[in-house]
Amino acid sequence: MYNDCTSDSVNISQGLPQGSVLSPLLFLFYINSLAEILPKDTINALFADDVGILATGPTIKAAEEKAQEAVNIVVEWSREWRLTLNSSKSESSIFTTNRKEAGESANIFIDGNKVPFNKTPKFLGVHLDRELTFVKHVTEIATRAKSKLRMLSALTHTTWGCLKQDLMKVYIAHIRSVMDYAAPGWQPWLADTNLNALEVVQNKALRIVSGNVQKSQLSARRKEAVTPSYTTLSKRSILRSVEKADHLPDDHPRKLALCDNPVPRKNNRKSWRYVGNQLAKEFCPEKGYDRQPFTFNARAPWEAPSNLSVFESVPGIRSKADDADTLMNATLTRIRELGSGLIIYTDGSADAGTTDGGAGVIVTQGDPAALEILETMMVRVPQGLPLMKKRSPRWIRRLSGSKITVTRRRK
């Protein structure tokens, strides 16, 4: 039941209906118990039906044993809750900066079946690799982004081509969005050569947008397109994620990843925390200033507001066909019963349901029979049509005792 409405009954032996809007939420309730029983000495990441387990140890063997223990718990939980795990659809991998361990593979089993080993597993759309260089991921997204440049070129016909600002919108929505996906999670780790591969994609796109020749200056392309280099955009994205993390509660995982006492760096490898803190020192105010925490929802989104009531009918009114005096008296009586100090009347209308229409709101106070109008608001309709039709409810005009102003926009 939802909002006092009940759907048709369907018998499901197990699982959830595919495509239902409630299925993701219901599955979270279903899988929540798994998160509570997984080992605390592993890092467990759950997103819908994707479960990632990260086990660390001084040796690959030690980390492997931790990971196997967690996998066994998942197997037992799945058996209890009548879910089937497919070992062939799971993957294992090893992350280490020790070059001597580059040829090692993990031996993880599900019900006696070995989980396939993948040197570059893909998790939530991002390709990982042993040293977290993200070379494969950069290669993949650069190829995808370049293939979309043809779409941008098709919109630059000399006769009917789009304007530069419209071409930039297409670039940002369909090409740069591919490069920006989860950017703060992997771009801080990139070497300059890998970041330059993304810069090349943007430079080619800006040449198409600006219409400049092949050997035109990059500064000219960026100025015409009103956009900085992709390296600058990447730094902005990382810095924004760091600043957001600083506003989060102290026990939030991202806040812990940023501010918790880290293990000292053993080499010159970059990371999100290192790059983010360096950018913060350079561009942000001192860390000591009072950051205001994020304000989360005061109530759960699925809970109804406690101070909101909806009444679908007015006592004393049987239908719209009732005479005007009956409608008027019943409405006045009901408004007085509710005892609200602020009364808002609203109306919307249109010809043929789609055109020549608009909507209006009148905010009032006082007794409904002698109300005081505080504000009148009207919604503009497209293509220069009247903002609000002249016909408004008769009972509003009678109650206000004044004529409602209708504004039209001249062509």
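Trainee: Which residues of H9 meet H11?

Mentor: From H9 you have Lys 235, Ile 238, Leu 239, Ser 241, Val 242 and Ala 245. They meet Trp 272, Val 275, Gly 276, Leu 279, Ala 280 and Phe 283 of H11. Keep in mind that this is a predicted model.

Trainee: And how do the residues of that contact divide by type?

Mentor: Nine are nonpolar, two are polar and one is charged.

Trainee: What's the angle between H9 and H11?

Mentor: About 90°, with the axes 9 Å apart. H9 covers residues 230-247 and H11 covers 272-283. At that angle H9 counts as roughly perpendicular to H11, because the range for that label is 65 to 115 degrees.

Trainee: Okay, zooming out. How many helices and strands does the chain have?

Mentor: The chain comes to 13 helices and nine strands. There are 411 residues, and buried ones make up 31% of them.

Trainee: What about contacts between residues at least 6 apart in sequence, what share join residues at least 24 apart?

Mentor: That share is 53%.

Trainee: Pick Leu 190. What is Leu 190 in contact with, leaving aside neighbours within four places in sequence?

Mentor: Thr 133, Phe 134, Val 138, Leu 195, Leu 198 and Lys 270.

Trainee: Is Phe 134 buried or exposed?

Mentor: Buried, because its relative accessible area is 3% and the cut-off is under 20%.

Trainee: And Leu 132, what's its phi?

Mentor: Near 55°, and that is again a positive value in a non-glycine residue. Leu 132 is in the loop between E6 (126-127) and H3 (135-147). With 22% relative accessibility, Leu 132 counts as partly exposed.

Trainee: Switching to Gln 202. Where is Gln 202 placed, and why does it count as buried?

Mentor: Gln 202 is in helix H7, residues 192-210. It counts as buried because its relative accessibility is 0%. Beyond its neighbours within four places in sequence, Gln 202 is in contact with Tyr 171, Arg 176, Pro 228, Ser 229, Tyr 230 and Leu 233.

Trainee: Strands next. In which sense do E1 and E2 pair, parallel or antiparallel?

Mentor: Antiparallel, over five bridges, with E1 at residues 43-47 and E2 at 50-54. Ile 43 has Leu 54 in E2 as its bridge partner, and Leu 46 stands opposite Val 51 in E2.

Trainee: What's in the turn of that hairpin?

Mentor: There are two residues between E1 and E2. Ala 48 in the turn has a positive phi of about 55°.

Trainee: Which residues does Val 74 contact, neighbours within four places in sequence aside?

Mentor: Leu 34, Leu 38, Ile 53 and Leu 85. Val 74 itself is in helix H2 and counts as buried at 12% relative accessibility.

Trainee: Ile 110, okay. Where's Ser 90, then?

Mentor: Ser 90 is in the loop between H2 (60-80) and E3 (109-110). Leaving aside neighbours within four places in sequence, Ser 90 is in contact with Ile 110, Val 115 and Pro 116. Ser 90 and Pro 121 are 9.8 Å apart, C-alpha to C-alpha, and 31 residues apart in sequence.

Trainee: Last one: what's the relative accessible area of Ser 90?

Mentor: It is 24%, so Ser 90 is partly exposed.

Terms used: Residues numbered from 1 in each chain as written. Predicted model: local features only at pLDDT ≥ 70, side-chain atom pairs only at ≥ 80, totals over all residues. Heavy atoms only, no water. Helix = DSSP H or I, 4+ residues; strand = E, 2+ residues; numbered from the N terminus. Buried < 20%, exposed > 50% of the residue type's maximum accessible area, 1.4 Å probe, protein only. Contact = heavy atoms within 4.5 Å. Axes fitted to C-alpha atoms, helices over the stretch in contact; angles between N-to-C directions. Parallel < 35°, antiparallel > 145°, perpendicular 65-115°, else oblique. Nonpolar A, V, L, I, M, F, W, Y, C, P; charged D, E, K, R; others polar. Pairing = 2+ DSSP bridges.
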